[in-house]
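Hi,

Here is the structure I promised to pass on. Have a look at it first, and then read my notes below.

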Amino acid sequence: MNYIWYPLMEAIQADYDTTKINYRVCDKLFFEQWEDETIRIEARAHHISPLLEYLPIALYDPDNNVKLEDKLARVDVNPYHRFTSIFTNILHPDRHDHNDLIVCDIMTHMLAHIDRICGMCRHDFRILIVINEIEKGCYGDSREVFSLFSTLEKRALAEGLIMLYNTYNSLRSLDTLFNVILTDFEVRLRDNVEVVFYNPYGFDEREDKMLKFIIKLFLPIDFPYVIHWQYTYGSVDCDESMMLERFVF
């Protein structure tokens, strides 16, 4: 079953402005007067189903060539699937107010956000609290760097912090985190005294800021660490890494 919060979640995960989603729920025509001329305004939802609350564009565009902004520019929904009592009076056939289009869009946005909140568990609320605290500067003046992370990466970062608070294991939390964020990096503990962060590619300023932000949050104060870009310590069992000038001493 597809619900009206599907497009909302798709927009949030893609860091797309949810206010640009245009829900189309009306099932009638409107007429407006413009310079003594009556103009017919098409307000019908083009793609609706009596079985589905929201009909994904993939069902009638299997190649999925439509961009996200185009998919969300007009989201056709069936208002009578769950919200008959809400929309019956607004969509009454005797009403011909063009403002009903705007009202229906606003109400559907509100209902979708309510659906999203109702579907959240206690863990989701904890994640939102951690994200909100970081954005407020509770973890130091790091809001500018935090903005470099995507919505999903911020969520992963918050989950990593919650895991750290529950397990007190920085390395385990970091290892789990780097499966989602900065996936090119490897995290290793050298001689049980130093954490090594290794990226096989060249230096990247944005990733460097993100990495140092993560280190500040997860590693204990003054815990020794080193960051290697492209080259790292040579390994006896790896001849390529033992070549002259191919590794860091």
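Is Asp-15 buried, partly exposed or exposed? With a relative accessible area of 46%, Asp-15 is partly exposed (buried means under 20% relative accessible area, exposed over 50% and partly exposed in between, with a 1.4 Å probe and protein chains only).

Before the rest, a word on the source. This is a predicted model, where local features need pLDDT of at least 70 and side-chain atom pairs count only at pLDDT 80 or more, while totals for chains, interfaces and linings use all residues. Residues are numbered from 1 along each chain as its sequence is written, and side-chain values use heavy atoms, with hydrogens and water left out.

Back to the backbone. Most residues other than glycine have a negative phi. Asp-15 has a positive one, near 60°, and is found in the loop between H1 and strand E1 (23-24). (Helices, H or I with at least four residues, and strands, E with at least two, are DSSP runs numbered from the N terminus.) Leu-182 also has a positive phi, of about 50°. Leu-182 is in the loop between helix H8 (170-177) and E5, and at 10% relative accessibility it counts as buried.

Strand E5 (residues 186-190) pairs with strand E6 (residues 194-199) in the antiparallel sense, over 5 bridges (two strands pair if DSSP finds at least two bridges between them). Arg-190 has Glu-194 in E6 as its bridge partner. There are 3 residues between the strands, and Asp-191 takes a positive phi near 55° in this hairpin.

Now the rings. I have 9 aromatic pairs for you (rings of Phe, Tyr and Trp, the last by its six-membered ring, pair if their centres lie within 6.5 Å; planes under 30 degrees apart are stacked, over 60 edge-to-face and the rest tilted). Phe-146 and Phe-149 have ring centres 6.1 Å apart and planes at 45°, so they make a tilted pair. Phe-149 and Phe-213 are tilted too, because their planes are at 50°, with the centres 5.6 Å apart. Phe-149 lies in the loop between helix H6 (143-146) and helix H7 (151-167) and Phe-213 in helix H9 (residues 205-218), so this pair ties together parts 64 residues apart in sequence. Phe-146 and Phe-149 are both buried, and Phe-213 is buried as well. The charged end of Lys-154 sits over the ring of Phe-146, 5.1 Å from its centre (the rule asks for NZ of Lys or CZ of Arg within 6 Å of the ring centre and within 35 degrees of the ring normal). One aromatic cluster is formed by Phe-178, Phe-185, Phe-197, Phe-203, Tyr-225 and Trp-229.

The largest pocket holds about 540 Å³ (on a 1 Å grid over the protein atoms alone, a pocket is an open set of points with protein on both sides within 12 Å along at least five of seven lines, and lining residues have an atom within 4 Å of a point; points are joined across faces, edges and corners, and a volume is the space filled by probe spheres set on them). Its lining has 19 residues, with Met-9, Ile-12, Arg-116, Leu-128 and Arg-155 nearest the centre. Helix H1 (5-13), helix H4 (99-118), helix H5 (122-135) and H7 each give two or more residues to that lining, and H5 gives the most, with 6.

Best wishes

Conventions: On a 1 Å grid over the protein atoms alone, a cavity is a set of points where a 1.4 Å probe fits but cannot get out, and a pocket is an open set with protein on both sides within 12 Å along at least five of seven lines; lining residues have an atom within 4 Å of a point.
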